[in-house]
Amino acid sequence: MSVGTLATLAALGAFHGLNPAMGWLFAVARGLQERDRAALLGALPPIAAGHLASVAIVAALVTATRSVTASTALAVVGGVLLVGFGLWRLLSERHFRWAGMRLSSAQLAGWSFLMSSAHGAGLMLLPVLVAEPVSGGHSGHLAAAPVGALTGLAAAGVHTVAMLGTALVVAVLVYQVLGVGVLRRAWFNVDRLWAGVLVAAGLVTLIRA
Amino acid sequence: MTRWTPDPTFYPSPSQAATAPAEKLAYVAAFDRSASRPDAIAVLDTDPDSPDYGRVVGWTDLPHLGDEVHHFGWNACSNALCPTAPHPHVERRYLIVPGLRSSRIHVLDTKPDPRQPQVVKVIGPEELSKRAGYSRPHTVHCGPDGIYLSALGGADGAEGPGGIAILDHTTFDVRGAWEADRGPQFLAYDVWWHLTQDVLVTSEWGTPSMIEDGIIGELLLGRRYGHAIHFWDLARRRHVQRVDLGDQYQMPLELRPAHDPRKSYGFVGVVISVEDLSASVWLWHRDGDAWAVTKVIDIPAEPADPADLPDLLKPFGAVPPLVTDIDLSVDDRFLYVSCWGTGELRQYDVSDPLHPVQTGSVHLGGIVRRTAHPSAPDEALAGGPQMVEVSRDGRRVYVSNSLYGAWDDQFYPDGVGAWLAKLDVDVEAGGLTPDERFFPHGEEFRGRRVHQTRLQGGDASSDSYCFP
């Protein structure tokens, strides 16, 4: 992966990490509820794991498919999918529903997985993955799929490290310094921006295809 | 359409909610006992700098007759900031107003003109019945995954079980019954929760036939009304524990959990003990892995001349206090207790919840006392402080005087009237003083009786919080 690709993956990771709905806020709530910063810190790895799983599935699927077919069809289908999903996120007023707050680490990872998937976190990486040149000279063969998938997994890994780092900084900052009152002022509608980024990512993919 | 920034009436924590600006308007459920005119939502001006302060400045008739509007609530509140399913860019703008008698659910939009809410949706009783299996909708709470609506009765004429229906956050359609496993629960009334602890609590009144034609003496003396509260797993929707107060303690009604999400206790008011007509307030709290209740306030009946009493009470020669509503200030410091029979609102400092200390009292109305309001000293008042609502900053308390149509008629047979009073709170030392400038009553309410009050932007019984 090129430096540009890595930077884009990391930037998207930071964007996801910044979104309160992706988990840092949950970590802060646990820290405050338990009066213990360790509860906050302990919540972040499962949240990151769930996010990683959600993103990795999409990323591995895309890169594996790409290493096999290497056609523009993937970019077109992916781009259309992305634009459609983004528009749906933009226009639909439905929101993620979940009632429970006392979750085990495994449940927390599951929550994060569902949250990330429902928001289309992995899909947002599509333009980056599609733009990445196919590695090796074996493209077009089914045998190339596992190697291709590895590229996707690596991309998801880079993305998630950036996501976790950002979430950690924001969570600790809010817990230690800013207080949750900052939510009232600073929590702009990330969902709408998010949907806009999805649509834009889809369009970029389509234009490049 | 959603907002770019969170609704300014949403607060992450109760301590921040307590800094909220004072409400400018209050919404009041007003119902016509004769069912010959529509029930309404009356709008009161609560801005002391306004020339119309303390007056009815808006009025929205509902489209049908005989609803008996009672309790109601907002479509969204501070728990939209909760981290599991955050959606803080929705607006607190719709009032969900159930008809307790008709089982119709009304949705009123307060945004276009806050003084003239518009009815934008009416959900018929058949939808509540078909989708959720319930009737007689009562308490409304905005929840993290939908709007929770408790209901007293079953569907298609069935007496029960009562339970909770979930309404869609966005469309307000009835999505279904909430309970996955109701255990032994049959009677229903109020519902609230410890949101961050995945605990939901419900209380018990009676089935439709036990209440709709008035309180039934034999059933009361037979200890057949509710006398237990139920604890549920909020996430799994399962019954966890039934805690019986003892069958002499009839009708544990209003549930007021601590607003601080780290606290694991709450208060429930009991209308009457059949042993001595006293009323009581109980604290629920954790006891190891289980829940327990402890009686923390006992209010004795007051002896009275039978000649001054309605038929129902003549044999007893005493006025029961009838604690029919309680409310806990957002900072969890003061508990307000309505004694609808004796005509008194009490204030207790509950900083130590197991040992409340009475810090204030105001008499208004009452079955025997008929205490007048200081702004109209010659007007004997019927009814008593009943529904009590506390502003988010804890400085203002609003009380209205009707309990429930058929029950009003039994305890105040010469007419319960209609009045609403505002009391000012000394938040430092405790204590209550009636505001002489604020006393809408009589014809201001156009012949309707007044029940629950909701304050613009939220109040002490509308919002729950996920952050301490």
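Two strands are said to pair if DSSP finds at least two bridges between them. That definition will be needed on this tour of a predicted model.

**First stop: the sheet of chain B.** Select the strands S12, S13, S14 and S15 of chain B. They form an open sheet of 4 strands in the order S12-S13-S14-S15, and the pairing is antiparallel. At the edges lie strand S12 (191–194) and strand S15 (238–244) of chain B, each of which pairs on one side only. From one strand to the next, the twist averages 25°.

Next, select S12(B) together with strand S13, residues 199–202 of chain B. These two strands are joined in the antiparallel sense over 4 bridges. Within this pair, show Trp192(B); which residue is its bridge partner in S13(B)? The partner is Val201(B).

**Second stop: the annotated spans of chain A.** An unreviewed UniProt entry lists residues 6–27, 39–62, 68–88, 108–130 and 150–178 of chain A under "transmembrane region". Select residues 6–27 of chain A: this span is 77% helix and 0% strand, with its end C-alpha atoms 27 Å apart. Then select residues 150–178 of chain A, where the chain is 100% helix and 0% strand and the end C-alpha atoms lie 40 Å apart.

**Third stop: where the chains meet.** Display both chains. Here 26 residues of chain A are in contact with 32 residues of chain B. On the side of chain A that touches chain B, helix H2 (24–34) and helix H8 (182–186) of chain A each supply at least two residues. The largest share, 5 residues, comes from H2(A). Colour this side of chain A by residue type to find 15 nonpolar, 5 polar and 6 charged residues.

Notes. Residues numbered from 1 in each chain as written. Chains lettered and ligands numbered in written order. Predicted model: local features only at pLDDT ≥ 70, side-chain atom pairs only at ≥ 80, totals over all residues. UniProt positions renumbered as here; feature names shortened; annotations may be inferred. Axes fitted to C-alpha atoms, helices over the stretch in contact; angles between N-to-C directions. Contact = placed C-beta atoms within 7 Å. Nonpolar A, V, L, I, M, F, W, Y, C, P; charged D, E, K, R; others polar.
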